[in-house]
Amino acid sequence: METRTVCHRCRQKFTAATNAEVVNCPYCRTYNRNRPVRKPSAASSQEHGKISPPTIGKSMKGKLKKLLPGNTQKPSVSSPPSSITKTGYSKRCALDNSGDAVPAKKRAVLCGVSYKKWKYKLKGTINDVLNMENLLTQKYGFEEKNMLVLTEEQFDTRLIPTKANIENCLKWLVKGCRSGDSLVFYYSGHGLRQPDFNQDERDGFDETICPVDFLKEGMILDNDIYATIVKPLPKGVTLHAIVDACHSGTILDLEHVYDRQKGEWIDNSPPSGARKETSGGLAYSISACEDDQVAADTSALNSRSMNGAMTYSLTEIVRGRGQRNITYGELLDEMEERIEQANQQGCLGGSRILTRLFGPNLTQKPMLSASERFDVYKREFKL
């Protein structure tokens, strides 16, 4: 059966299969939720703080980048997207290009975990990934074909944010990297910490990120992230990790942490005497908060949608600069100022549950760590 729907971007009406969740507009090629024309209110609804219509098209485009292997369901539009192959995978999946002799100079892994089947799901992580994807492509010249986007909305099972998939994608990120390459790892989701038994953490805890299947398969430790994407970095390669999660301050285990209050770098090297260095490359980490703090979704910074407070403030600040660049120090200052303003409004966290758990004021201070010390007010933030 078919129904008439309308494109969120070009507003053209077209016919689509009634059982399709998302459909491709035959006029502008934008991916849309399948909303019948006779129910306009459903087409514009923003369930769980979904972003505004122009960005919804981008979201749907991301959802249909990949199809499940062996999926026999036909695309909802008579002329299927050219990126769909006979195997069911999209040609645009960068994992299919992992055997290329010369990897792209700019590559990224973007991971947003919403835990949508959980009681304590996160509502802003998909929006966070879309914001970061737009920033990378529009501001810094990254190409979609050289980016891996992991969410629970993906049709390609290789891009569901399970522990095994995240680890595999991180290996892809650094594989074959050469001098001049710029790599980005972005994560939005739950973060936890657990006791450290290797004496390589100054606070006695290992920081972790939580894949969608972490209750069964376990968390990904900072030690593992360091070993996978930091230690192998050769000279001339730059890695940025941007992590919007609780307890994420030293998630890359980098040896230098910047103290904004003192205006100086502090030593974060392991007490055991082990070194946490790169192989000559440069690594930066911008985290949503310190290791003993929590980060949260919020609608205070953007009344139209739920977003991670750190991600939304970072992307908006950088976009606001236009063609002008911003230093790491300026970025940290402006991010903390915006988050503090949201905190004073009393709605940081976006729910009463977080207020009951952590009190009326959620202290969240973005944190910078790096593989080397530098003047944060002179070096520009570039991805």
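1. Buried denotes under 20% relative accessible area, exposed over 50%, and partly exposed the range in between, with a 1.4 Å probe and protein chains only. By this criterion helix H7 is mostly covered, since nine of its twelve residues are buried. They are Ala309, Met310, Thr311, Tyr312, Ser313, Leu314, Thr315, Ile317 and Val318.

2. The model is predicted: local features need pLDDT of at least 70 and side-chain atom pairs count only at pLDDT 80 or more, while totals for chains, interfaces and linings use all residues. Residues are numbered from 1 along each chain as its sequence is written, and side-chain values use heavy atoms, with hydrogens and water left out.

3. Helices (H or I, at least four residues) and strands (E, at least two) are DSSP runs numbered from the N terminus, and the expected span of a helix is 1.5 Å times one less than its number of residues. For the twelve residues of H7 (residues 309-320) this gives 16 Å, and the end C-alpha atoms are 16 Å apart, which agrees. Gly322, which follows H7, has a positive phi near 65°.

4. Helix H4 (residues 163-174) also has twelve residues and should span 16 Å; its end C-alpha atoms lie 17 Å apart, in agreement. Its buried residues include Lys163, Asn165, Ile166, Cys169, Leu170, Trp172, Leu173 and Val174. Just after H4, Gly176 adopts a positive phi of about 70°.

5. Lys216 belongs to helix H5 (residues 214-217). Lys216 is exposed because its relative accessible area is 72%, whereas Lys163 in H4 is buried. The C-alpha atoms of these two lysines, 53 residues apart along the chain, are separated by 9.6 Å.
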